[in-house]
Amino acid sequence: MTYFVYLLGSYKGKKLITYAGYTNNLKKRLSLHNSGEGAKFTRGRAWKLMYFEKYKSRKEAINRECYIKKNRKFRNFIKDKYR
């Protein structure tokens, strides 16, 4: 099965907020976040997909998600490319 690690972005005023996660169905997961049924942090905002990567196993995807969540330098790099 294929898994995706993704980074979502949403503006709160002028500030760009990001959210990292993983899933096996990227389109469905994005629609859940935007409909208010995703993670609690993502509720009430309009999210756009900024970045994603594909992995063959769930374990690889989880490891990469943890790396992205902890690595502010990487997230800021993606934010700068997105703006």
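## The sheet

Three strands form an open sheet in the order β2-β1-β3, with antiparallel pairing (strands are DSSP runs of E of at least two residues, and helices runs of H or I of at least four, numbered from the N terminus; two strands pair if DSSP finds at least two bridges between them). Because β2 (15–23) and β3 (48–55) are the edge strands, each with a single partner strand, one side of each has no neighbour in the sheet. Neighbouring strands are turned by 15° against each other on average, direction ignored (axes are lines fitted to C-alpha atoms, for helices over the stretch in contact, and angles run from 0 to 180 degrees between N-to-C directions).

The model is predicted; local features need pLDDT of at least 70 and side-chain atom pairs pLDDT 80 or more, whereas totals for chains, interfaces and linings use all residues. Residues are numbered from 1 along each chain as its sequence is written, and side-chain values use heavy atoms, without hydrogens and water.

## Strand pairing and helices

Strand β1 (residues 3–12) pairs with β2 in the antiparallel sense over 9 bridges. Within β2, A20 is the residue opposite L7.

Helix α1 (residues 26–35) lies across β1, β2 and β3, at about 30° to β1. Helix α2 (residues 58–70) also packs on the sheet, touching β1, β2 and β3, and its direction makes about 160° with that of β2.

## Arginine 75

R75 belongs to helix α3 (residues 72–82). Leaving aside residues up to four places away in sequence, R75 touches L7, T18, Y19, A20, I68 and K69 (contact means heavy atoms within 4.5 Å). The side chains of R75 and T18 are joined by a polar contact of 2.8 Å.

Technical notes: A polar contact is a pair of N or O atoms within 3.5 Å; within protein, one must be able to donate a hydrogen and the other to accept it, and residues adjacent in sequence count only if both atoms are side-chain atoms.
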